Amino acid sequence: QVQLVESGGGLVQAGDSLRLSCAASGYTFSIYTMGWFRQAPGKEREFVAVATGSDNSTYYEGTWYADSVKGRFTISRDNAKNTVYLQMNSLRPEDTAVYYCARHRGGDYDTARAYDFWGQGTQVTVSS
């Protein structure tokens with residue numbers, strides 16, 4: 001069965017960096033677009049970044065980011081390791097949230113309903 005397992009979260013200070021990992025299993029990882037979302041307490045889950053898979057049928061290929069993280073976060077994937085990463089630099093207190101990776105099934109990349117499988121999440125806390 002499909003499994004997504006995030007790791008790499010933690011407590012850091014503003015300006016620090018973290019790298020999140022999401023290990024996937026149970027499906028052909030390389031052909032699926034993968035996304036990262038986050039959810040802060042009392043807020044809705046929000047899009048962070050996406051990296052398209054090799055069988056992307058929507059013509060567009062590459063990576064996209066939420067405006068709030070553009071220039072600070074980088075999404076990448078290692079298809080040989082079935083893993084997607086989120087490198088987070090220059091972290092801010094407002095980046096504090098539970099971060100989730102998810103498998104895209106179709107539709108707009110920045111909407112949670114476009115994803116069919118989710119990991120359990122990893123907590124990132126940024127102190128000021």
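Is Glu-46 buried, exposed or partly exposed? Glu-46 comes out as partly exposed, at 36% relative accessibility (buried is under 20% relative accessible area, exposed is over 50%, partly exposed is in between, with a 1.4 Å probe and protein chains only). Some notes on the rest follow.

1. Ground rules. This is a predicted model, where local features need pLDDT of at least 70, side-chain atom pairs count only at pLDDT 80 or more, and totals for chains, interfaces and linings use all residues. Residues are numbered from 1 along each chain as its sequence is written, and side-chain values use heavy atoms, with hydrogens and water left out.

2. The sheet. Four strands make an open, antiparallel sheet, in the order S1-S3-S8-S7. Strands here are DSSP runs of E, at least two residues, numbered from the N terminus, and two of them pair if DSSP finds at least two bridges between them. S1 (3-7) and S7 (73-78) are the edge strands; each has a single partner, so one side of each has no neighbour in the sheet. From one strand to the next the twist averages 15° (axes are lines fitted to C-alpha atoms, and angles run from 0 to 180 degrees between N-to-C directions).

3. The S7/S8 pairing. S7 runs antiparallel to S8 (residues 83-88), and six bridges join the two.

4. Five salt bridges turn up, taking one to be a side-chain nitrogen of Lys or Arg within 4 Å of a carboxyl oxygen of Asp or Glu. Glu-46 from the opening question pairs with Arg-38, with 2.6 Å between the closest N and O atoms. Arg-38 is the buried end, at 5% relative accessible area.

5. Asp-95 and Arg-72. These two also form a salt bridge, the closest N and O atoms being 2.7 Å apart. Asp-95 is in the loop between S8 and S9 (97-104) and Arg-72 in the loop between S6 (63-65) and S7, so the pair ties together parts 23 residues apart in sequence. Asp-95 is buried at 1% relative accessibility, and Arg-72 is buried at 7%. Worth a look on screen: Arg-38, Glu-46, Arg-72 and Asp-95 are linked in a network of salt bridges.

6. Arg-103 and Asp-116. Here the closest N and O atoms of the salt bridge are 2.8 Å apart. Arg-103 belongs to S9 and Asp-116 to S10 (residues 115-118), so this pair ties together parts 13 residues apart in sequence. Arg-103 is buried at 7% relative accessibility, while Asp-116 is partly exposed at 25%.
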